[in-house]
4 protein chains.
Amino acid sequence: MSRLRAGIVGGGRGAFIGAVHRIAAELDGEAQVVAGAMSSNPARARASAEAWGLARSYDSYEQMAALEAKRDDGIDFAIVATPNHLHLPVARAFLAAGTHVICDKPLAANLDQAHQLAKAAAASGALFALTHTYSGYPMVREARDWVASGRLGELRKVQVEYNQDWLREPVERAGNKQAAWRTDPAQAGVSCCVGDIGTHAHHLVEFITGRQVESILAELTSFVDGRQLDDDASMLLRLEGGVRGTLACSQIACGEANDLRIRLYGSKAGLEWRQQEPNALQVKPAGEAWAIHRVGDGYLGEAAARATRTPAGHPEGYLEAFANIYRDFMADVRRVAAGEPALGNYPGIEEGLRGLRFVQASVASSNQGAVWVAL
Amino acid sequence: MSRLRAGIVGGGRGAFIGAVHRIAAELDGEAQVVAGAMSSNPARARASAEAWGLARSYDSYEQMAALEAKRDDGIDFAIVATPNHLHLPVARAFLAAGTHVICDKPLAANLDQAHQLAKAAAASGALFALTHTYSGYPMVREARDWVASGRLGELRKVQVEYNQDWLREPVERAGNKQAAWRTDPAQAGVSCCVGDIGTHAHHLVEFITGRQVESILAELTSFVDGRQLDDDASMLLRLEGGVRGTLACSQIACGEANDLRIRLYGSKAGLEWRQQEPNALQVKPAGEAWAIHRVGDGYLGEAAARATRTPAGHPEGYLEAFANIYRDFMADVRRVAAGEPALGNYPGIEEGLRGLRFVQASVASSNQGAVWVAL
Amino acid sequence: MSRLRAGIVGGGRGAFIGAVHRIAAELDGEAQVVAGAMSSNPARARASAEAWGLARSYDSYEQMAALEAKRDDGIDFAIVATPNHLHLPVARAFLAAGTHVICDKPLAANLDQAHQLAKAAAASGALFALTHTYSGYPMVREARDWVASGRLGELRKVQVEYNQDWLREPVERAGNKQAAWRTDPAQAGVSCCVGDIGTHAHHLVEFITGRQVESILAELTSFVDGRQLDDDASMLLRLEGGVRGTLACSQIACGEANDLRIRLYGSKAGLEWRQQEPNALQVKPAGEAWAIHRVGDGYLGEAAARATRTPAGHPEGYLEAFANIYRDFMADVRRVAAGEPALGNYPGIEEGLRGLRFVQASVASSNQGAVWVAL
Amino acid sequence: MSRLRAGIVGGGRGAFIGAVHRIAAELDGEAQVVAGAMSSNPARARASAEAWGLARSYDSYEQMAALEAKRDDGIDFAIVATPNHLHLPVARAFLAAGTHVICDKPLAANLDQAHQLAKAAAASGALFALTHTYSGYPMVREARDWVASGRLGELRKVQVEYNQDWLREPVERAGNKQAAWRTDPAQAGVSCCVGDIGTHAHHLVEFITGRQVESILAELTSFVDGRQLDDDASMLLRLEGGVRGTLACSQIACGEANDLRIRLYGSKAGLEWRQQEPNALQVKPAGEAWAIHRVGDGYLGEAAARATRTPAGHPEGYLEAFANIYRDFMADVRRVAAGEPALGNYPGIEEGLRGLRFVQASVASSNQGAVWVAL
């Protein structure tokens, strides 16, 4: 089987996420990044492409979208790893050229742009994937299987949180560029913390439960003096079917790195998963001993098994989870090329729209003093 | 030093909490339970007293309060371990007789009764302690020291939860007496879950932070069909000084026993403590490695050290924490007897009143669809 | 039921273990320490007895043994909490007077003394218990049930260790009295580390497996310069029935307090228990998820259930484990008083003899360069 | 920078380790596997090469070694992923052709072959790396830094273990091919368990401590009836400088997957690391709180930092550790190509020889009833 050819927009030197996309795309030997428009600065773009040994470097994504589509050996899909406000124009350019797109979350800088992108995707017919990484972890997929199979009984309550601490001080005024754009309403939109990591928590809830969050009540806070956007949020959630929940996210939670964790309680059993120890899933059946389910073991379901590369006992991590999103997306790329229907086993436009609605609702709720807002 | 003499009301056979009070009172060899009115059923009261080898058994608490106060070898303090609605009359009887009282939480069945009890305590001059057990754990006291000393920096956020699962099914209709009265508004008052365990979480927050919860926003839920009171609650908290928080409590969280846990985040460091592993306190300083502080180690503060009975490496638990509340209370009993002023290093009337205000506010908030209610 | 009366020898002020014995004896309200010969220094003995409020203080254990036996309200049993070399004479005095004895481990300062004590016990007919504390933990008893019931399949391998660090520096030359006598061959006998904590590990293995260690191969080391006795040991074990094992103990393992842990592997499942988190037992069935069995839960066996005082979710610890040894011993004291046969559900003479054989064998093995020595 | 070209021998369909080598070699975008002799069965070799999309497939490694060396675009290095008894001939063929080699551990099927391979490597001048994976973990490298820097003080004791359970039943007689050759003396040599995983534990000890194991005393056991080679071993270790240790490895430890863990105790601090949670390193300074050092954090040393691909909070795992060995090896491949001296920051011939000496010594020790054998 020949490798798919990928092209990347953004992700140039210094941007950690560029390398993550390349590794995730290439991990299973099914693709190779061969082209790039890795920076809006042409010199930087070329240097980044050279550092990666790309066959073709472009000065602009427009040029890349147009020229690659004409080549016999042109790219099979485009990776969008730019800042958020460029997701719409970049993705639209490739979709318009009929090129499949895999894009960083969030879908766009705001809901209006997201709707435009949704339209572009619908018009194109090309595939579109959104890299909500955490749904790529095998034990997250196992958790979804547990809920779907009814083994938890009637689902009742969900507690999800995502705590970080990198914005605990005003680093945006001390030269940290990531912090600077994320805390700037002009670049980041209406939210910092909720938009960046709250959306991951929201997606994880909907992914695992298979239910939509119907309405939220949120209090967003800026703990650091002078910061314009939220660096912390606490929320109550109401999901379809009477499920209740809480969501907490923070970028000022001292000592936490990416402490994404979720607990689910049904009438028959509970579940607990943490990204910091991703290879275990705690199952808590009513009246019985807790069970620690572990990646690679034979009793796991098919979804978890397919998302695992090594036998039991070999820890897998973030890059492998990211690669699982790619793997499912690329399987569809091949399927479509072979004239088969896409399966869509990965987050896409719909999840992206829901994520932006979630962000807007949380800001609206908080601005009104914490009231219920429907998604 | 001679042992103090204690008398117990309630806590007869079958009531687990009676034995806990006896163990806690006697653990350090500073007291002995010698008298009791252990049940409203006289035969059962006598049988319970006999099983414990008590010197004197009474048929009623009124009788006990009156007669013990007249004896030269009468009790030094009374233990109130009855159902909630009896806390007021029982405590009042002993306070009126000038006998010190240590009482199970909550202070009373409702806020009105609590105010009456407060008045009785004020009028009496006798000591009054409320057994909010969890503040007796050494590492909880260490956590309080951390906050008070400023080592966390400016406190910003608190996450507290208390999850159980014993009401996950309608056991109140299957003969479980504890469940029957706790889910009956006539006996338990306005709340089940918040009143029973939410108050512990609330007290823990105020104890450790040294700040009052100013207002709360709560959603209470009854997940089990036909249940009249809440078996689950999720809340947002606003504390003095701009501190924000979440509080979740549940009695339908499958697989959880008494999973009380708290996390605090300040501008310089975070803290985490769990009752299920009470002998450790996780400290998370910004930019540094996490530290696991352990009971009995030399670097701990004086409050933790005083609350520990064994050298490092010997796990202590719930009974020892309970005994620490007693120890501080009994030290005051001796102090007052010696004509010295009481120190009051234990929860009392004020904490009890705050607890009941918290319960009422949470119900009021939830009934209005989750709005902010001041405490 | 009236409380049993106990008398203590040793355990005076400053000796942590004295208070532990008192708490353990009295925890369940079934006994009270009423008499003592708490120090060989009469003034110190009296001060200690007064601090505890004992009814009767003696200047010597001989006097106490003789006089208590003559009183109508004399003690029901004697607690031996002296340094090791006094176990023999003290226990013998009470046994000769027909008084039951519960004694700190080890049984005696050496095997010869231990045999004399065994003879005295056999001649007396009074009960004798040895406080191997760790076998009092509920989950240790649960582990024993697992092995005995065959749920592990054919037992194959055991790994046990007990690590501490309090002798990591030459504290015996800096005024630490505990360290001084334990590292002095004249007072401690042939071993420091193996005698003090290796024996606990050895007893735990035999208690849980129900099998005897047949032979050992040991390397004892003194890591601290100038120390005459071992502060660390590593061993291979051969148990009855072809079971193999390792035993490691250390008093120089920096950062460890009392890290006693054991793992057992059978043909069908494995088990793991740690004293630092004593309320959980990890069960590892072949080909299945791990299970975390927790104190107080309904699926546990009767032995664990009987050794638990509080409902699930309330951590118990070292003092409760110690009290479980006492509880079983005191049940026999009452049984014998009622003319019923003793059950002997606690460590005694036989376990004490085996412990001393284990210590001597380990020293002999190490002195010969680490060769197999039969126990 | 252009990608290095790699060729693989072995690792065809069904062999999990082949894919691991490919992923590890390509993870950082610095190499691509372009050629292979992936099976001794030509049809299977071609099918495997096709599945990977290799540019060139060979029927034999001899052919591949010869032809690749002549091409302008020939491979820069060869990956040896065959069964052990082929390591010598395959590696020798490439070394003789001047091609760098990276090879699975163990170095060869026995010590004699290993010496021949050492000779071939010395004669060739080409680079040779051995994939002792676990030394690729960032926190293992951090641990080595701790020891080397003296932060542990004088090193005293090491406890290492590697437990698995996949040979707990006679699966070699039920069609498991991996089990069949590993338990067959003709194919696996003198040892199964020690040769397969004991060597990893041995290498980890020497890697982290920077000291050689001078002598060992071992008891090897075959717990499964009819098995000819060991499936379990327990050892005592003596390292340079008076360091003592234990090593336990097992393939019948029910419930364990690849539970490689190591603890080190020095005069000032202890360390603990487990492969199952590889992103943390526990540091236990004497008299202070434990510290949890975590991958990606700023306080770690340069070796750990260089071995990490993502910011703090993103778990990395086995594949990334494997890729770290490759990264260091490939850096040398480029260095040598540029005329610079190799740095050799990876296990090689010397480590391979030591590993085989360790296996032979352990078997010799056990056969003599567990006596000390020098390495």
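This note covers a sheet in chain A, the relation of chains B and C, and the interface of chains C and D.

1. The model is predicted. Read every value below as computed from it.

2. Chain A holds an open sheet of six strands. The order is E3-E2-E1-E4-E5-E6, and the pairing is parallel. Strand E3 (56-57) and strand E6 (128-130) of chain A are the edge strands, each pairing on one side only.

3. A:Gly36 stands opposite A:Ser57 in E3(A). Helix H3 (residues 61-70) of chain A packs on the sheet and touches strand E1 (4-10), E2 and E3 of that chain. The direction of H3 makes about 130 degrees with that of E2(A).

4. Chain C superposes on chain B by a rotation of 180 degrees, with 0.0 Å of shift along the axis and an RMSD of 0.1 Å. The two copies are therefore related as by a two-fold rotation axis. Within chain C, C:Gly317 comes closest to that axis, with its C-alpha at 2.7 Å. The copies meet through the same surface, because 100% of the interface residues of chain C are also interface residues in chain B.

5. Between chain C and chain D, 45 residues of chain C contact 45 residues of chain D. The two chains bury about 3,500 Å² between them, 46% of it on carbon and sulfur atoms.

6. The salt bridge count is 12. One of the salt bridges links the side chains of D:Glu272 and C:Arg261 (3.9 Å, N to O). On the side of chain C that touches chain D, E9(C) gives the most, with seven residues.

Definitions and conventions:
Residues are numbered from 1 along each chain as its sequence is written. Chains are lettered from A and ligands numbered from 1 in the order in which they are written. This is a predicted model: local features need pLDDT of at least 70, side-chain atom pairs count only at pLDDT 80 or more; totals for chains, interfaces and linings use all residues. Side-chain values use heavy atoms; hydrogens and water are left out. Two strands pair if DSSP finds at least two bridges between them. Helices (H or I, at least four residues) and strands (E, at least two) are DSSP runs, numbered from the N terminus. Contact means heavy atoms within 4.5 Å. Axes are lines fitted to C-alpha atoms, for helices over the stretch in contact, and angles run from 0 to 180 degrees between N-to-C directions. Copies are superposed by least squares on the C-alpha atoms of residues with pLDDT of at least 70 in both. Buried area is the accessible area (1.4 Å probe) that two parts lose on being put together, summed over both. A salt bridge is a side-chain nitrogen of Lys or Arg within 4 Å of a carboxyl oxygen of Asp or Glu.
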